[in-house]
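User: I have a chain open and want a quick walk through its fold and packing. Can we start with the terms?

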Amino acid sequence: DELVGRLEFSFDGNVMSIDHTYAFKKGMGIGGTLVSAANDYAVNKGLKVQPVCSFANAWYQRNPQFKDLLEQKD
């Protein structure tokens, strides 16, 4: 029962922005687990994703199979 990370997100209509990803213990895959869980939520709810934080953006670059979920910037 230890807090090891946190993901902050917000919504604008059907777009979920991943604003900040925090991993309090480095090297354990916590950040990736958090972004993956947020991605699963977006898939299940039919949302688009805007990865605002650099960690989430890098996660989506490493997981191009989810590129159709990304909100296209004008």
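Analyst: Contact here means heavy atoms within 4.5 Å. The model is predicted, so local features need pLDDT of at least 70 and side-chain atom pairs count only at pLDDT 80 or more, while totals for chains, interfaces and linings use all residues. Residues are numbered from 1 along each chain as its sequence is written, and side-chain values use heavy atoms, with hydrogens and water left out.

User: What share of the contacts with a separation of 6 or more comes from residues 24 or more positions apart?

Analyst: Those pairs account for 40% of them.

User: And which pattern does the chain follow along the sequence?

Analyst: The order is β-β-α-β-α. Helices (H or I, at least four residues) and strands (E, at least two) are DSSP runs, numbered from the N terminus.

User: What does the C-alpha trace span along its principal axes?

Analyst: About 35 × 25 × 20 Å.

User: How much of the chain counts as buried?

Analyst: Of the 74 residues, 32% do. Buried means under 20% relative accessible area, exposed means over 50%, and partly exposed is in between (1.4 Å probe, protein chains only).

User: Switching to H2. Which residues are buried there?

Analyst: H2 covers residues 54–62, and Ala56, Trp59 and Tyr60 are its buried ones. They sit on the same side of H2, because the arc they cover around the axis is only 95°. The arc is that of the directions from the helix axis to the C-beta atoms.

User: What do they pack against?

Analyst: Strand S2 (15–23), H1 and strand S3 (48–51).

User: Which exposed residues are on the face turned away?

Analyst: Ser54, Gln61 and Arg62. Arginine 62 has a relative accessible area of 52%, which is why it counts as exposed.

User: H1 next. Is asparagine 39 buried or exposed?

Analyst: Asparagine 39 is buried, at 1% relative accessible area. This residue belongs to helix H1, residues 30–45. Beyond residues up to four places away in sequence, asparagine 39 touches Trp59, Tyr60, Phe66 and Leu69.

User: What about the strands? Where does proline 51 lie?

Analyst: Proline 51 lies in strand S3. Its relative accessibility is 12%, so proline 51 counts as buried. Apart from neighbours within four places in sequence, proline 51 is in contact with Ile18, Ala56, Asn57, Tyr60 and Leu70. The C-alpha atoms of proline 51 and serine 17 are separated by 5.8 Å, although the two are 34 residues apart along the chain.

User: Last topic, charges. How many positive and negative side chains?

Analyst: There are 8 positive and 9 negative, and the centres of the two sets lie 5 Å apart. Lys and Arg count as positive and Asp and Glu as negative, with His and the chain ends not counted. Each charge is placed at NZ of Lys, CZ of Arg, CG of Asp or CD of Glu.
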